[in-house]
Amino acid sequence: MTRCWLRTSRLARRPEAVRIHVTYTGGTIGMIDSPHGLVPGADLEGWLGTLLGESASGQDLGRKDVTLTALSPLIDSSNATPESWQLIIDDLRTTAAGPTPPDAFIVLHGTDTMAYTSAALSYALTDLSQPVVITGSQLPLGVVGSDAAPNVTGALRAAVSGRADGITLFFGHRLLAGNRATKTSSWAFRGFDSPSVAPLALTGAPWQWSEPAAGGRGWDGPARPYARHDVAVIDLVPGVTAARLEAMVTPQPEAVILRAFGVGNVPSDEPGLTNVVADLIEAGVAVVVTSQCHQAEVLLGHYETGDAIARAGAVGSRDMTLEAVYAKVQFLLSQGLRGAELAAWVGRSIAGELTESRG
């Protein structure tokens, strides 16, 4: 995907206003009906300009100087790749380095891979001083009863609150840490959850804010751009054989994420299955074990069924979501890490994506 701009527009200008930059990537929020289903095409710029005017007068969001960049091509987020993440990062960094840097950013994004993007941005932008709030909607902005307006105005309120920090995701009246969020529903207006930590804020009169979960930022130095790397994500199921697992990792990927049972348990009695994992690690392929449970902390070795792959060199994902794990592995590969060096970073916090061990 090549980088190009549709245009950057100024939607609102008021003296001494809070400066906000909106990056529009596509997604349901700006889609319209077509003979082949929903496609990008709504007048998001006009709708957003009207919404900002109504919000400023009716909801007291304060004076705002808002600019909009629409990335080209606009995409359904199901088509997003690590290169798509980098396009967003490039726009945020270019705007932040401009002559009038904004005070905050909003990213409008499709819901299907929004949690992957928010996690990816959190790793790459640990040095960005402005908050970034990502949002979208389950229904297009032109549909009666759409959640587009409350989500965008909520994201704006979070952005200008002075309390949002780093990369966050606003959806369904809740502000979540961006690398702690996961999509839980394809239809509910509260379509995202944060299974391991509490929401950062709940809308209301007034908003209810919580303290962010403890978690340091451990990546030093500038991040290299995202590139697409071969990462296999494999669900283990009852009855899976060693032959099937071996077939799924042939040819060998750069890293493997195994979605195991419970706290990281695998069918260790299946003949040869743990040997497949051991052979991958011996060949320099990092193997990360995460859980199929919505809420879990992976503890390899807690049960005998997870001990064998732990002794072989597999590492657990702690309490990270799948989206956070996958984006983190892509980030580490893009930084040039491989094998054991990459595996060692999985359990270390880059941007607060996991709960640090108290031990």
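## A surface patch, a buried threonine and a parallel sheet

Leu139, Val143 and Phe189 together make a nonpolar surface patch of about 210 Å² in this predicted model. One member of that patch, Val143, sits in the loop that runs between strand E7 (132–135) and helix H4 (148–160). Val143 counts as partly exposed because its relative accessibility is 35%.

Now for a residue in a strand: Thr168 belongs to strand E8 (residues 167–171). With a relative accessibility of 1%, Thr168 counts as buried, because buried means under 20%. Leaving aside residues up to four places away in sequence, Thr168 touches Val132, Val133, Ile134, Leu175, Leu176, Ala177, Gly178 and Leu200.

Let us turn to the sheet. Four strands form an open sheet in the order E14-E15-E16-E17, and their pairing is parallel. Strands E14 and E17 are the edges, each pairing on one side only. Between E16 and E17, the parallel pairing extends over two bridges. Here Val289 stands opposite Gly316 of E17.

Helix H8 lies across E14, E15 and E16. Helix H9 packs on the sheet, where it touches E16 and E17. Their residue ranges and angles are listed here.

| Helix | Residues | Strands in contact | Angle |
|---|---|---|---|
| H9 | 339–346 | E16, E17 | about 30 degrees with E16 |

To find the sheet's edges in the structure, look for residues 231–235 in E14 and residues 315–316 in E17; strand E16 covers residues 286–291.

Note on methods. Residues numbered from 1 in each chain as written. Predicted model: local features only at pLDDT ≥ 70, side-chain atom pairs only at ≥ 80, totals over all residues. Heavy atoms only, no water. Pairing = 2+ DSSP bridges. Contact = heavy atoms within 4.5 Å. Axes fitted to C-alpha atoms, helices over the stretch in contact; angles between N-to-C directions. Patch = residues over 30% accessible without salt bridge, like charges linked within 9 Å, V, L, I, M, F, W, Y side chains within 5 Å. Areas by Shrake-Rupley, 256 points an atom, 1.4 Å probe, with all protein chains shown as cover. Salt bridge = Lys/Arg side-chain N within 4 Å of Asp/Glu carboxyl O. Buried < 20%, exposed > 50% of the residue type's maximum accessible area, 1.4 Å probe, protein only.
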